[in-house]
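Colleague: I would like to learn how to read a helix crossing and a pocket. Please take them one at a time.

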Amino acid sequence: MAWSTAAAIYFLIWWLVLFCTLPIGVRNAAEDGVTVEAGHDPGAPTVIGMKFKLLLTTIVASILFAILWAVYVYRLVSLEDLGTLWGLLK
């Protein structure tokens, strides 16, 4: 696998994992008991915690990428296996 392909795949995995981790630990003003100023959305998060989420995203994406890289390099699953699994090949 070329390094540019690996980087693109890692970026896609990282981005997907980021969107999965964004809702973790988010609390809005109503849940925290904070008064909402006029013109502000009461559903907006009060504490986001992006450093933790970015670190968690990087760790999870790295683990997923390593697993998928091993599957690709060691040919643990081939296209024929996937075609048979999905009923495309007999």
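Colleague: At what angle do the axes of helix α1 and helix α3 cross?

Modeller: Axes are lines fitted to C-alpha atoms, for helices over the stretch in contact, with angles from 0 to 180 degrees between N-to-C directions. Helices are DSSP runs (H or I, at least four residues), numbered from the N terminus. Here α1 (residues 3-21) and α3 (residues 50-73) cross at roughly 135 degrees, their axes coming within 8 Å. This is a predicted model, where local features need pLDDT of at least 70, side-chain atom pairs count only at pLDDT 80 or more, and totals for chains, interfaces and linings use all residues. Residues are numbered from 1 along each chain as its sequence is written, and side-chain values use heavy atoms, without hydrogens and water.

Colleague: Which residues make the contact?

Modeller: Contact means heavy atoms within 4.5 Å. Among those involved are Ile 9, Trp 14 and Leu 18 of α1 and Leu 54, Val 60 and Phe 65 of α3.

Colleague: Which residues line the largest pocket?

Modeller: A pocket is an open set of points on a 1 Å grid over the protein atoms alone, where a 1.4 Å probe fits, with protein on both sides within 12 Å along at least five of seven lines; lining residues have an atom within 4 Å of a point. Here the lining is Leu 68, Val 71, Tyr 72, Arg 75, Val 77, Ser 78, Leu 79 and Leu 82. The largest share, three residues, comes from α3, and α3 and α4 (79-85) each supply at least two.
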